[in-house]
Amino acid sequence: MTAEACFKCPTLKGGEAVRYVENTLGFPMAVLESFPKFFLIETINVCNARCVMCGIDFSKKQKTTMSGSLFDKIADELSQYSSHLEKVMLYLDGEPLLDRRIAARIRRMKQAGVRRVNVASNASLLNSERGVELIESGLDEIYITLDSLRKEIYESIRVGLRFETVLENILGFIDLRNSLNPNLMIRMQFIVQDRNRGEAVEFERYWAKLLAGNDQIAIQKAHNWASAVEVPAVGDEESVNAIPCIALWGTLAIHVTGEVGLCCMDSESKILLGNVEREPISEIWSGNRLRAIRDSHLRGERRGLPLCDGCTLWREAKRELKEIQPDS
């Protein structure tokens, strides 16, 4: 059964739930449960914006960066699974370019044999110097979110950032990428919400003229951060509890201290699975606590888990993703 067909299904359980996870992630369950395919690694937990749709309480953060020794420990373990890994994303709750060592960390992951290393940025710090550092580090992908092409709307969403600076940085980075490494993929993202509703078509047209072949444009639905914030309803909110969350089988999220929460929505590690400073990643991934939560999702009992109940992050049709064709 396809993910699209499951959208209108009753709650998936047992074999149907297993097939949904396998079909959505593209791998057999035994492969998914052996080791994470995707990683989110928080090298810094500070952000320079206070976005209106964000559910992270930065006042509770320690405001620190990951130690070099811990990062090396993670890289060393990942190197043992380099052929298994799909992607390592060097961000989680913070703005990764606030980490002055981010380029060196990207390079370290590439040395570990990771095929795709990715960062996601608001681009406020993506000046030419930082842009060259990122490109020369071996970065494979960058996701940049710009929620409006109108200064007043953008700045009302990404509070604390300056529209002119961000746009100039993005345009400059595209030029740098084109000249230094055309293979680096840029994804321009737009999060639909009340303040920018109706701008998506204009956003697509604008960036399609500037991006290159194999780049992407993503129009994303605002999610509710595990029910921590209110976002515009799109009509599928009641269906999210009917499907198991693929994050439980796909992605491990590691915080600056090495703590591993349940998923990327668990910004305070309320459901603590372990700490990679003291435990191997492989043991955390196959541990009893995560296994029990996976089993509850496969039984169709997601509603009984407060963090998972109604979370719209991995809803069906999360985004419209357009790949730019070479002749665009």
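**View 1. Strand 4 and strand 5 run parallel, joined by four bridges.** Both belong to a predicted model, in which local features need pLDDT of at least 70, side-chain atom pairs count only at pLDDT 80 or more, and totals for chains, interfaces and linings use all residues. Residues are numbered from 1 along each chain as its sequence is written, and side-chain values use heavy atoms, with hydrogens and water left out. Helices (DSSP runs of H or I, at least four residues) and strands (runs of E, at least two) are numbered from the N terminus. Two strands count as paired if DSSP finds at least two bridges between them. Look for Val-119, which stands opposite Ile-142 in strand 5.

**View 2. Strand 4 also pairs with strand 3 (residues 87-89), again in the parallel sense.** Two bridges link these strands. Now follow the chain between strands: strand 3, helix 5 and strand 4 make up a right-handed β-α-β unit. Right-handed here means that, with the strands pointing away from the viewer, the path from the first strand over the helix to the second runs clockwise. Strand 4, helix 6 and strand 5 make a right-handed β-α-β unit too.

**View 3. Strand 4 (residues 117-121) is mostly covered.** Five of its five residues are buried, meaning under 20% relative accessible area, while exposed means over 50% and partly exposed is in between (1.4 Å probe, protein chains only). In a regular strand, side chains alternate between the two faces of the sheet. Here both faces are covered. Val-117, Val-119 and Ser-121 are buried on one side, and Asn-118 and Ala-120 are buried on the other.

**View 4. Helix 6 (residues 128-137) has a set of buried residues: Arg-130, Gly-131, Leu-134, Ile-135 and Ser-137.** They sit on the same side of the helix because they cover an arc of only 165° around its axis, taking the directions from the axis to the C-beta atoms. An α-helix has 3.6 residues a turn, so residues three or four places apart point the same way. What covers the buried residues includes helix 5 (102-111), strand 5 (141-145) and helix 8 (163-180).

**View 5. Thr-145 is found in strand 5.** This threonine counts as buried, at 9% relative accessibility. Contact means heavy atoms within 4.5 Å. Leaving aside neighbours within four places in sequence, Thr-145 is in contact with Ser-121, Asn-122, Arg-158, Gln-189 and Ile-191. The side chains of Thr-145 and Gln-189 are joined by a polar contact of 3.0 Å. That term covers a pair of N or O atoms within 3.5 Å; within protein, one must be able to donate a hydrogen and the other to accept it, and residues adjacent in sequence count only if both atoms are side-chain atoms. For scale, the C-alpha atoms of Thr-145 and Ala-123 are separated by 7.9 Å, with the residues 22 apart along the chain.

**View 6. Cysteines, but zero disulfides.** A disulfide would need a pair of cysteine sulfur atoms within 2.5 Å. The sulfur of Cys-263 is 5.3 Å from the closest cysteine sulfur, in Cys-264, so that pair is too far apart for a bond. Cys-311 is in no disulfide either: the nearest cysteine sulfur, that of Cys-263, is 6.3 Å away. Cys-263 counts as buried, at 14% relative accessibility, and Cys-311 counts as buried at 8%.

**View 7. Ser-227 and Ser-269 have positive phi values.** Most residues other than glycine have a negative phi. Ser-227 has a phi near 70° and lies in the loop between strand 8 (216-221) and helix 10 (247-250). It counts as partly exposed, at 44% relative accessibility. Ser-269 has a phi of about 50°, and its place is in the loop between strand 10 (259-260) and strand 11 (274-275). At 10% relative accessibility, Ser-269 counts as buried.
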